[in-house]
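Below is a briefing on one protein model.

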Amino acid sequence: MKLTAEQIECINQTLVIKGVKFDDLKMEVLDHIASQIEYEMATTQKTFPEAYNQVFERWNAEFEPTRAFFSLRTYYPKLARSKFGNQIKLEIFTTFTIAAVLFCSFQLVSDSNTKLQFIFWIKKVFFYAYIGTILSMFIFKFLNVKSKVSSTYKHSFDARFPSIFIWLTLIFNDNIPQDTTNQNLFIPSMGCLFMYLLSTVYLGFKHYQFQKKFSLQYLFTTDSEIVT
């Protein structure tokens, strides 16, 4: 049994009241809840209000306010924190992988002059990667400012935007570590930087991509309502 537009909007407003403010997360959760309500109505012959109450009761634990990562004041529903947590775990895993590959590659170089050349070219690559990231971030920032769509990607992207300038000293510093200890520390740190740059651009792109998808879905829904 398909839900009506009014019933779907009822679910949507309930999610907003429960603190699910990010459109990408709200669409995902709304789809799950609507499907479960439809299933309950079809299999148990319950009315919409009965199925609605039953399904939302099962979801109550996911809507419990939970403190956001790296914040003492901001709280999200548990399901939002879980999504942010999954993103952070993926980034940490990828960061360690990239840093480990660079570090192991560096250890295979035995000659000290070759090690310096290795670091020199690493700095060159990351310099251009940084410049490219800065340009991409300003483009996505411009596009996101005009966007009225909210998403977990945009939230994370906006939070990272100011911190990208912390890396300026590392990028534009021409000094190359001469001693082995600092060189061994420098290489993994560049791996961390690369992942930070990559993930920041990824977040901006994902929001832009979601915004297009959201706009198309909105137009499709509006057209359907007009036809009906």
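Leaving aside neighbours within four places in sequence, K26 is in contact (heavy atoms within 4.5 Å) with N12, L15, V16 and V20. This is a predicted model, in which local features need pLDDT of at least 70 and side-chain atom pairs count only at pLDDT 80 or more, while totals for chains, interfaces and linings use all residues. Residues are numbered from 1 along each chain as its sequence is written, and side-chain values use heavy atoms, with hydrogens and water left out.

**Confidence**

- The mean pLDDT (the predictor's confidence in each residue, from 0 to 100) is 83 for the protein, and 90% of its residues reach 70 or more.
- Confidence is highest in helix α3 (residues 48-59), at a mean of 93, and lowest in helix α7 (residues 168-172), at 68; helices here are DSSP runs (H or I, at least four residues), numbered from the N terminus.
- Residues 219-228 have pLDDT below 50, and beyond near neighbours in sequence this stretch has one contact in the model.

- K26 belongs to helix α2 (residues 23-44) and is buried, at a relative accessible area of 12%. Buried means under 20% relative accessible area, exposed over 50%, and partly exposed in between (1.4 Å probe, protein chains only).
- Other buried residues of α2 include D23, L25, V29, L30, I33 and M41.
- The 22 residues of α2 should span 32 Å at 1.5 Å a residue, and the end C-alpha atoms are 31 Å apart, which agrees; the expected span is 1.5 Å times one less than the number of residues.
- Q45 lies in the loop between α2 and α3 and is exposed, with a relative accessible area of 64%.
- Q45 has a positive phi of about 60 degrees although it is not a glycine. Most residues other than glycine have a negative phi.

**Salt bridges**

- The whole structure holds six salt bridges, each defined as a side-chain nitrogen of Lys or Arg within 4 Å of a carboxyl oxygen of Asp or Glu.
- K83 and D24 meet through their side chains in a salt bridge of 3.0 Å, N to O. K83 lies in helix α4 (residues 78-107) and D24 in helix α2, so the pair ties together parts 59 residues apart in sequence.
- K83 is partly exposed at 22% relative accessibility, whereas D24 is buried at 6%.
- R58 forms a salt bridge with E40, with the closest N and O atoms 3.5 Å apart. R58 is in helix α3 and E40 in helix α2, so the pair ties together parts 18 residues apart in sequence.
- R58 counts as partly exposed at 44% relative accessibility, and E40 as buried at 10%.
- R160 pairs with E91 in a salt bridge whose closest N and O atoms are 2.5 Å apart. This pair links distant parts of the chain, with R160 in helix α6 and E91 in helix α4, 69 residues apart.
- R160 is buried at 15% relative accessible area, and E91 is buried at 10%.
- Salt bridges that share partners join D24, E28 and K83 into one network.

**A buried loop residue**

- I164 lies in the loop between α6 (152-160) and α7 and is buried, with a relative accessible area of 0%.
- Beyond neighbours within four places in sequence, the contacts of I164 include Y130, I134, M137 and L197.

Methods
Helices (H or I, at least four residues) and strands (E, at least two) are DSSP runs, numbered from the N terminus.
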